[in-house]
Amino acid sequence: MIKNRGVILATTAIAPAVWGSTYLVTTELLPPERPLLAAVLRALPAGLLLIVIARRLPAGSWWWRSAILGTLNIGAFFALLFIAAYRLPGGVAATVGAIQPLLVGALAAWILKERLRTGVVVGAAAGIAGVGLLVLRADARLDALGVVAAVGGAAIMATGVILSKKWVSPAPVIATTGWQLTAGGLALVPIMLFAEGTPPALTGVNLMGYAYLTLIGSAIAYVLWFRGIKALSPTEVTFLGFLSPLTATVAGWLVLDEHLTAWQFLGAAIVLAAITIPSLSHARRAPHPIERPLVTNRSE
């Protein structure tokens with residue numbers, strides 16, 4: 001069981017690590033000033049592909065549940081994410097978004113009746129500080145609407161994580177992921193057309209970037225992410241989100257020849273330490289098999 005948990009944690013961590021490469025792909029491969037087009041093409045084709053692979057549509061209450069979860073986890077989150085990204089420096093947006101583990105912990109205590117442990121609060125605060133050291137710049141500017149969008153995106157994503165944990169689908173994770181991506185993508189289409197108009201002509205480089213976001217950044221990453229939500233505690237999953245700014249920083253260093261400071265190395269160390277806190281806390285709470293009380297048949 002412990003070995004399986006380690007595998008699930010490792011595979012779930014792939015999702016936020018992949019999402020950390022989104023900024024690099026967007027700036028280097030995609031057409032400029034088309035964030036909502038990127039969101040639609042990242043979600044809708046991936047969702048339809050997964051539905052075709054799973055060959056299963058929602059049934060009963062899962063029609064409206066998929067619509068709600070898709071709107072929260074994909075549609076509304078993507079829209080607010082891109083608003084924050086356009087109105088705030090990347091470091092500010094990432095630092096504000098890092099409050100998500102705290103929100104997940106609070107919502108888990110309220111909705112799922114899980115205890116909000118001191119270690120989770122301390123770990124979340126450490127993670128926010130680590131992300132700030134990793135990506136925040138001294139000359140960063142603040143924009144009120146951008147900050148509201150970043151906070152709103154974190155809150156909506158946190159709510160989506162908790163509801164994904166509360167509503168357990170009987171269908172395979174590939175199917176439920178496809179339903180959510182499709183619902184979220186469809187919700188974004190009218191917003192995209194209103195805000196950005198019809199899509200421009202795309203180059204081969206653009207298509208490569210969109211293919212990466214669709215297949216790797218959504219179809220594969222979200223299957224791993226929702227599988228992790230189903231198998232792990234909400235706090236364990238959401239703490240892995242700290243890997244996104246860490247991956248983005250490393251990608252900028254490797255590909256864009258950006259320089260790293262001593263403060264960024266310290267921030268990276270703090271982020272990595274913060275990620276381990278929920279898993280260590282869970283391991284301490286889990287009873288060892290030999291400690292379980294024996295149940296005997298009294299009729300013997």
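## How two helices are compared

The axis of a helix is a line fitted to its C-alpha atoms over the stretch in contact, and the angle between two such axes runs from 0 to 180 degrees between their N-to-C directions. In this predicted model, helix α2 (residues 22-29) and helix α10 (residues 204-231) pack at an angle of about 165°, and their axes lie 9 Å apart. Angles over 145 degrees count as roughly antiparallel, and α2 and α10 are therefore roughly antiparallel to each other.

The way in which α2 passes α10 is a left-handed crossing. On the side of α2 the contact is made by Thr22, Val25, Glu28 and Leu29, while α10 contributes Val205, Asn206, Gly209, Tyr212 and Leu213. Sorted by class, the residues in this contact of α2 with α10 are five nonpolar, three polar and one charged.

## The chain as a whole

The chain contains 13 helices and zero strands, and buried residues account for 47% of its 300 residues. When contacts between residues at least 6 apart in sequence are considered, 92% of them join residues at least 24 apart.

## A closer look at Thr182

Thr182 belongs to helix α9, which covers residues 173-196. Is this residue buried or exposed? Thr182 has a relative accessible area of 10%, and because buried means under 20%, Thr182 counts as buried.

Leaving aside residues up to four places away in sequence, Thr182 touches Leu44, Gly47, Leu48 and Ile51. With one of these residues, Leu48, there is also an approach by the side chain of Thr182, which reaches the backbone nitrogen of Leu48 at 3.4 Å.

Notes. Residues are numbered from 1 along each chain as its sequence is written. This is a predicted model: local features need pLDDT of at least 70, side-chain atom pairs count only at pLDDT 80 or more; totals for chains, interfaces and linings use all residues. Side-chain values use heavy atoms; hydrogens and water are left out. Helices (H or I, at least four residues) and strands (E, at least two) are DSSP runs, numbered from the N terminus. Buried means under 20% relative accessible area, exposed over 50%, partly exposed in between (1.4 Å probe, protein chains only). A polar contact is a pair of N or O atoms within 3.5 Å; within protein, one must be able to donate a hydrogen and the other to accept it, and residues adjacent in sequence count only if both atoms are side-chain atoms. Contact means heavy atoms within 4.5 Å. Angles under 35 degrees count as roughly parallel, over 145 as roughly antiparallel, 65 to 115 as roughly perpendicular and the rest as oblique. A crossing is left-handed if the near helix is turned anticlockwise from the far one by less than a right angle, and right-handed if clockwise. Ala, Val, Leu, Ile, Met, Phe, Trp, Tyr, Cys and Pro count as nonpolar, Asp, Glu, Lys and Arg as charged, and the others, Gly among them, as polar.
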